Amino acid sequence: MKVSLYIMAALYMLAGIWHFVRPRFYLYIMPPYLPAHNALVLWSGVAELVLGIGLLFPATRVWAAWGLIALLIAVFPANYYMAVGDKFQAMSPWLRWGRLPIQGLLIWWAYQYTK
C-alpha cells in the first residue's frame, strides 16, 4: 500500500508542477463559463502540489486525500468539456472520453487513504 501511496503522491506533485510548466493545456480545456481561467489553473496546480505532498505525511494524509477527492470533483467540468466540446473533436474519442472514468478511478484511489 505504501508504494501505491508514493506513486499517487508523485503523480499529483508532478501534475501540479505541470500546471506551471505547461499551463496552456489546462487553459485550453477550461470551460468558457468558468471565470478567471489563469487563476483557476494556477490554484489547481498549487492544490495538486500541496495535496500530493500532504499525502506523504501521516498527520496530513487523510486531509490531503479528501482534498484530492474534492479537487477531482471540481475539475470534472473541464474533463467533461474536453469530451463534448466542439474544439476537441479532432482528438481521439478515447482520449476525450477516457478521462471521465479515470476521474472515478482517481477518486477511488484517493478514498483508500481517507481512513
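Hi everyone. Helices, in what follows, are DSSP runs of H or I with at least four residues, numbered from the N terminus. What you see is a predicted model, where local features need pLDDT of at least 70, side-chain atom pairs count only at pLDDT 80 or more, and totals for chains, interfaces and linings use all residues. Residues are numbered from 1 along each chain as its sequence is written, and side-chain values use heavy atoms, leaving out hydrogens and water.

Let's start with the pocket. On a 1 Å grid over the protein atoms alone, a pocket is an open set of points where a 1.4 Å probe fits, with protein on both sides within 12 Å along at least five of seven lines; lining residues have an atom within 4 Å of a point. The largest pocket has a volume of about 730 Å³, taken as the space filled by probe spheres set on the points, which are joined across faces, edges and corners. It is lined by 25 residues, and Tyr 26, Glu 48, Val 75, Arg 99 and Gln 103 are the closest to its centre. Which helix gives the most to the lining? That is helix 6, with 5 residues.

Now for helix 6 (residues 93–111) and its partner, helix 4 (residues 58–74): their axes come within 8 Å and cross at roughly 165°. Axes here are lines fitted to C-alpha atoms over the stretch in contact, and angles run from 0 to 180 degrees between N-to-C directions. The two helices are therefore roughly antiparallel, the word for angles over 145 degrees.

Thanks, everyone!

Technical notes. Parallel < 35°, antiparallel > 145°, perpendicular 65-115°, else oblique.
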